[in-house]
Structures are given as structure tokens and as C-alpha cells.
Amino acid sequence: GLIFYDTKVTVMNRVLNATVQRTADHAAPEITLDPLEIVGGEIRSSENSYFCQAARQLGCVPSSQLCVKLASGGDPTYAFNIRFTGEEVHGTSGSFRHFLWQVCKELQSSSLSLLLLCPSSAVNKNKGKYILTPSPITYAEEQLFHFFGQLLGIAIRADVPLPLDLLPSFWKTLVGEPLDPDVDLQEADILTYNYVKKFENISDETELEALCAEIASQHLATESPDCPNKPCCKFTYLSLTGEEVELCPRGRHIPVGWENKDMYAAAIRSLRMRELQTPECMTAVRAGLGSIIPLQLLTTLTPLEMELRTCGLPYINLEFLKAHTMYQVGLMETDQHIEFFWSALEMFTQEELCKFIKFACNQERIPFTCPCKDGGPDTAHVPPYPMKIAPPDGAAGM
């Protein structure tokens, strides 16, 4: 916390360039994707997604071949090249950035099951934020989580921010920071947080009975075996994926009473904390990330800094973009049509600005920092820096 973020990025970039394993005399791995598997944006099955197509083909490529220098220059070196079946594309940058954008869309959709929309999203808190799906994983799913971790590292080396909206608890767990039982539970699942708080704040048995009656009306409780007409809760709760789980051995047969209500609340909180940490899934993600970048770098970054380095900002800073724009072949910032251009962009919503950036350079977000901070005017950049505005090729349309 005592080191400026820009200083950390400078050190991180030097380490990344010092850990390059694929040199210029080695050809980049190439994968072939079939766009026809995704028609009209709809994926017929998860196996046809770009994510799974790429995971299958890169599964036999040594991770050392994906460890390249930080992207720079007009057509930078990326971890792998992409060829789309039936399409002829010049250069590799546009296809690569479009691939990362499409993969993030797939991850945050129902077509893949690696990420889960956080329950708080249902009540308009942290809407659209995701967590890792907390469930026992098969070997195949473990490989997909490993590839997901590799993509995080690949995006860092490529300096292409991923349009992923993940809860802070993901980034905390990724960098090894402990979760806060109050803050992180409230962010991920505010309904469970409020449920737990109700049990923790009960002051007498009458309140407990009233709470159990309220829960019974929502079909979450059963009748007490001692008093058949008296509703009670059992030591069970729904997991984030919707299955009823026992909070302790024989939990379905243990009623919640005045003497064990605090144990019940603590057990629910503990269940959610384990689900948010998802140790099996996170181990696979960290293993994938560690095959691309040194995991020791994560010890210097806060969770927010790791998110910024990987995903950038979820909005477009127009002034920042304007400061990194070049005007070519006699154009000047004071030209009337250039002023009209910036005035038009200032009227855009954030959603429209993201679409403009996607149109201009095939990515929705811009990096949080710019390489020109570390060098002079000749410092090599990667898109969208510098944005170039040039006149038309011919006289027509001038």
C-alpha cells in the first residue's frame, strides 16, 4: 500500500519482459476458430464456444510458448495467432482482440458454467457482477479453469483489458488476501447476509419463534418435532448453485433453537465464505495464471490494482483518450471537423463510447495506464493508443 500503482506497473512490466520464453525465432502457435459455430451471437453448445475451441487447441501447446514480451508496436506479438475459418484477415491484432472480447461475453453468459451471477444481482446490488461457480469440479472443468487463468495472464502480457465484471472477492482470493465475512458476504449475497443478521440480532425466544414463522411462510422451515404446530428451521441451507446442503452432520434432523441459533448463523456464513473462496476452482485459475506470469508479482498488488491491470476501467475516460490521440497529414486539434468529432463523442453515453472503442480497435475497454509514461514520444504503444485521426485517402469526401 506504500508503493504507487504506476511504480508497481513499471516493475511488473520489467519482470514480464525478463520472463519471456518464446523468442522471435519461434513461430507463434496458431488456432483456428469456426465463426459459424456462433450464429447470430447464439452458441448452440458450450463445446462450440470460442473459449472451448481455443482451450482444446491450446491444451497441447506448452505454456512457455505463450510467454511473450509485452505487446508494443503497430502489430504487436501476442501469445497466439487466430485464424477464422473462411475469413481472410490482414494482421493478427484485430482477430486476437476480438477473440478476447467474444470469450468474455461467453464467460458471462449461460453458455458456459465457469462463472455465476452473484445472488445480490437479483436485488439490484452489484448487478451484472460474477463469481466463480462454487461446485465440485471434474477434470475437464479443472482444465477450463486453468485456461481461464491463462487468459488472464495472456491479457496482461497483451495489454488488452478484459471486459470482465467480477466481484472484489474474486480478486482478493486471486492475490491471496483474506475475505471479509461481513463486507464480502454482503456484496455477493445480500439476502443471505440479512438472513444471518436476523438470527444474530434476535434478543429472546419469542423473536426467534416469530422469525421461524416468517421463514415457514416462505417455505424455508419445517415443524418442530417437539411441538408439531410450531415451525422451526433445520441446520440446512441452499448453496449458491441452489442445492440444499447440511450445515453439519445430520443437519436435516437438527432443529434451530435458542441455544444453537448463533451456531446456525455462523455455519451459514462459513458456507458462503467457502463458496466465495472456491479453493478447487481458484487453485486451477492460479495455476493457469502462474504458467503465464510469475505469481510472485501478485504479492505487490492490491485486489483493485490486479483488477485494473487485468480489466482496466469499466468506463471510457474521454479526456485520457483525447490526450493520447495523434493527428496525421496536416490535421490539427483545432480543425472544425475535429472539434465536431470530440463534441459528438462527449454526447455519447458510456455504452456508446464502449461501442466506439470496439469499432475503432476491437476491444471495449482501454488500458488504465499508457506506455508513454515510461518513455519519450517514440515509445511503442498498443491499441487504442495512440488513436490516429487521418484525412480520407482521396480528395472525394474532403
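**Close-up views of a predicted model**

View 1. The largest cavity has a volume of about 70 Å³. The model shown here is predicted. Searching the whole structure turns up two cavities of 30 Å³ or more. The largest cavity is lined by Tyr 5, Val 9, Ala 155, Asp 159, Val 160, Pro 161, Leu 308, Arg 309, Thr 310, Pro 367, Phe 368 and Thr 369. Of these lining residues, eight are nonpolar, two polar and two charged. Helices α1 (5–18) and α11 (303–311) each contribute at least two residues to the lining, and α11 gives the largest share, three residues.

View 2. Helix α14 covers residues 350–361. At 1.5 Å a residue, its twelve residues should span 16 Å, and the end C-alpha atoms are 16 Å apart, so the two values agree. Leu 353, Cys 354, Phe 356, Ile 357, Lys 358 and Cys 361 are the buried residues of α14. They pack against α3 (93–107), α12 (318–323), α13 (336–346) and β12 (387–389). In an α-helix there are 3.6 residues a turn, so residues three or four places apart point the same way. Just after α14, Asn 362 has a positive phi of about 65°.

**View 3. Cysteines without disulfides.** The structure contains zero disulfides. Cys 311 is in no disulfide, and the nearest cysteine sulfur, that of Cys 104, lies 7.2 Å away. Cys 311 counts as buried because its relative accessibility is 0%, under the 20% cut-off. Cys 67 is also buried, with a relative accessible area of 2%.

Key. Residues numbered from 1 in each chain as written. Predicted model: local features only at pLDDT ≥ 70, side-chain atom pairs only at ≥ 80, totals over all residues. Heavy atoms only, no water. Helix = DSSP H or I, 4+ residues; strand = E, 2+ residues; numbered from the N terminus. Expected span 1.5 Å × (residues − 1). Buried < 20%, exposed > 50% of the residue type's maximum accessible area, 1.4 Å probe, protein only. Contact = heavy atoms within 4.5 Å. Disulfide = S-S within 2.5 Å. 1 Å grid on protein atoms, 1.4 Å probe; cavity = no way out; pocket = protein on both sides within 12 Å on 5 of 7 lines; lining within 4 Å. Points joined across faces, edges and corners; volume = space filled by probe spheres on them. Nonpolar A, V, L, I, M, F, W, Y, C, P; charged D, E, K, R; others polar.
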